[in-house]
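Here are my notes from going through this model, point by point. Have it open beside you as you read.

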Amino acid sequence: LGEFTKDLCRPVGYQGKRIRALHLWDPHEIEVLNTISQGQFLITGLRNRDLVPVLFPHLSASPQERKRACAAISYRLRVLRAHGLIAKIPGTHRYLVTTKGRAAMTAILAAHRATIAQRTEYAA
């Protein structure tokens with residue numbers, strides 16, 4: 001886990017801008033990683049439009065709230081793309097999870113789901 005998170009926990013430069021580090025223990029970040037790592041998105045890719053109903057299930061029909069939700073997801077996608085976890089499919093609005101992203105998300109989610117007893121069992 002340390003080898004995957006070493007680079008993810010540091011800010012990176014992307015398209016001339018500084019992109020923040022991933023917050024691996026933030027519940028919102030884990031929710032995004034968990035959603036993206038679902039099989040349906042690994043096969044066909046994902047779009048912002050696909051993630052809105054999953055990450056914001058209680059979104060009202062208000063155009064302002066929908067715009068805020070789309071902006072929040074766009075920001076998360078930009079962070080994941082800057083860290084190399086997802087890549088854009090040219091000519092579309094879709095992203096695919098990269099090989100690095102698949103391995104990193106599996107490791108992060110496994111560590112997040114593990115109990116204290118499971119974590120200390122390996123250390124002994």
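Which residues have the most contacts inside the largest nonpolar core?

1. Before the answer, the ground rules. This is a predicted model, so local features need pLDDT of at least 70 and side-chain atom pairs count only at pLDDT 80 or more, while totals for chains, interfaces and linings use all residues. Residues are numbered from 1 along each chain as its sequence is written, and side-chain values use heavy atoms, with hydrogens and water left out.

2. Now the core. Ile-36, Leu-46, Leu-77 and Leu-80 have the most contacts inside the largest nonpolar core, which holds 27 residues. (A core here is a set of buried Ala, Val, Leu, Ile, Met, Phe, Trp, Tyr and Cys residues joined through side-chain atoms within 4.5 Å; buried is under 20% relative accessible area, exposed is over 50%, and partly exposed is in between, using a 1.4 Å probe and protein chains only.) Two or more residues each come from helix 2, helix 4, helix 5, strand 4 and helix 6, and helix 5 gives the largest share, 5 residues. Elements are DSSP runs numbered from the N terminus: helices are H or I with at least four residues, strands are E with at least two.

3. Leaving aside residues up to four places away in sequence, Leu-77 touches Ile-36, Leu-46, Asn-48, Leu-51, Ile-86 and Tyr-95, where contact means heavy atoms within 4.5 Å. Tyr-95 has another neighbour worth a look: Lys-88 lies over its face, 5.9 Å from the ring centre. The rule for that is NZ of Lys or CZ of Arg within 6 Å of the ring centre and within 35 degrees of the ring normal.

4. Helix 2 next. Its buried residues are Glu-29, Ile-30, Val-32, Leu-33, Thr-35 and Ile-36. Their cover includes helix 3 (39-44), helix 4, helix 5, strand 4 and helix 6 (99-113).

5. Asp-50 sits in helix 4 (residues 48-55) and Arg-94 in the loop between strand 3 (86-88) and strand 4 (95-97), 44 residues apart. Arg-94 is partly exposed, at 26%.

6. Gln-15 is found in the loop between strand 1 (12-14) and strand 2 (17-19), and is exposed at 64%.

7. Lastly, the cysteines. The whole structure has 0 disulfides, taking a disulfide as a pair of cysteine sulfur atoms within 2.5 Å. Cys-9 is partly exposed at 41%, and Cys-70 is partly exposed at 22%.
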